[in-house]
Amino acid sequence: MQGFGTTIFAEMTALAVRTGAINLGQGFPDTDGPPAMLEAAIEAIRAGANQYPPGPGVPELREAIAAQRLERYGLSYEPAAEVLVTVGATEGIAASLLALAEPGDEVVVFEPYYDSYAAMIALAGAVRKPVTLRPVEGRFTFDPDELRAAVGPRTRLILVNSPHNPTGTVFTRTELETIAGLCVEHDLIAITDEVYEYLTFDDAQHIPLATLPGMRERTVALSSSGKSFSATGWKIGWVTAPAPYVRAVQTVKQFLTYTASAPYQRAVAYALQNELPWVEGLRKSLETKRDRLISGLDAAGFTTYRPQGTYFVQADIRPLGFTDGAELARALPEKAGVVAVPSQVFYDRTEAGRHFVRFAFCKRDEVIDAAVERLRGLA
């Protein structure tokens, strides 16, 4: 783990606290999830659901997850054997990489990437093979030839995040077909991070990679409740995959946390069954917040890329006369009283992301308005 220090999220949030700046860096909402879900957690605590739940997760949550995958995507998973509850999607990704990547195996990953990916690949003793997403006609995408070139004889896994943090890209069916074709051709396993599956905007549609021909049997899919239900602190995530892969991931997971969060698991089961209309309201609200933040950033002089999903806007800092996102992000609390995250920390090829910073719009309208008013001074 040499070379991996404090995460950029912890660093920038600490900077926000120290300076009193508005935190548009770390992606957590500043409002709570559906009230009935919160009450379900309280009721579970009062009913005594405060000891270790089963290692794979409480049965009602695994059943609710399987029902959600079937109803929304037509993907059938057996709750007892093909669904595993994890401590957030982050633990699921960690356990999946540790279980399925051997030392020396290559893992193809799209950059910019969520920072835990690099750390977990390193812990597994595997080798990162980045494929860069670049802006094309207003959205970030990959070069199919570059992706094909990244796959070699040592490649074992492709790690796919869609809707994508931090670019906001939602991979199209054509892009997913390119990925799936390589997986089938080279007998690769896909690990898919789908935590923003409900949070897509405009005409973008999230398509799970596992729905494509030949992919259900080779895909380990990760999602969670944190983003969908605005309860990031609960850390309830899950894996859906063929039984042999779930057994492998659970074998690792049992020695990481074993299990956690008994009352929250029951509350999330309730939410999956009853609160999806609330999630649709959240999606619409976030779409409006996205537009609100983009308008403000554009007025402040940034060049922005309109995300198709997630919580985040990528902003090019060069029109304002800046060239180094990390330098600007660390100075921004003093310059403007706002915290952002430098995108370059999510790249191996840091030059590709040096001129971007990431702003989060999962905040109350008045917080977004106050932040963009402060940022106008940069121009």
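Which residues in H11 meet which residues in H13? Lys289, Arg292, Leu293, Gly296, Leu297 and Ala300 in H11 meet Asp365, Ile368, Asp369, Val372 and Leu375 in H13, where contact means heavy atoms within 4.5 Å.

A word on the source: this is a predicted model, in which local features need pLDDT of at least 70 and side-chain atom pairs count only at pLDDT 80 or more, while totals for chains, interfaces and linings use all residues. Residues are numbered from 1 along each chain as its sequence is written, and side-chain values use heavy atoms, with hydrogens and water left out.

**Two helices side by side**

Two packed helices are described by the angle between their axes and the distance between the axes. Helix H11 (residues 276–300) and helix H13 (residues 365–375) pack at about 10 degrees, with axes 9 Å apart. Helices (H or I, at least four residues) and strands (E, at least two) are DSSP runs, numbered from the N terminus. Axes are lines fitted to C-alpha atoms, for helices over the stretch in contact, and angles run from 0 to 180 degrees between N-to-C directions. H11 and H13 are therefore roughly parallel, a label for angles under 35 degrees. Their contact residues divide into six nonpolar, one polar and four charged. Here Ala, Val, Leu, Ile, Met, Phe, Trp, Tyr, Cys and Pro count as nonpolar, Asp, Glu, Lys and Arg as charged, and the others, Gly among them, as polar.

**Two pockets**

A pocket is an open set of points on a 1 Å grid over the protein atoms alone, where a 1.4 Å probe fits, with protein on both sides within 12 Å along at least five of seven lines; lining residues have an atom within 4 Å of a point. Volume is the space filled by probe spheres set on the points, which are joined across faces, edges and corners.

| Pocket | Volume | Lining by class |
|---|---|---|
| Largest | About 520 Å³ | nine nonpolar, 11 polar, five charged residues |

Nearest the centre of the largest pocket lie Gly27, Thr90, Tyr114, Lys227 and Lys235. H5 gives the most to this lining, with four residues. In the second largest pocket, H6 supplies the largest share, five residues.

**An open sheet**

Four strands form an open antiparallel sheet in the order E11-E12-E15-E14. Strands E11 (303–305) and E14 (341–342) stand at the edges with a single partner strand each, so one side of each has no neighbour in the sheet. Strands pair if DSSP finds at least two bridges between them. Five bridges join E12 (residues 312–316) to E15 (residues 356–360), and Phe312 has Ala360 in E15 as its bridge partner.

Conventions. Angles under 35 degrees count as roughly parallel, over 145 as roughly antiparallel, 65 to 115 as roughly perpendicular and the rest as oblique.
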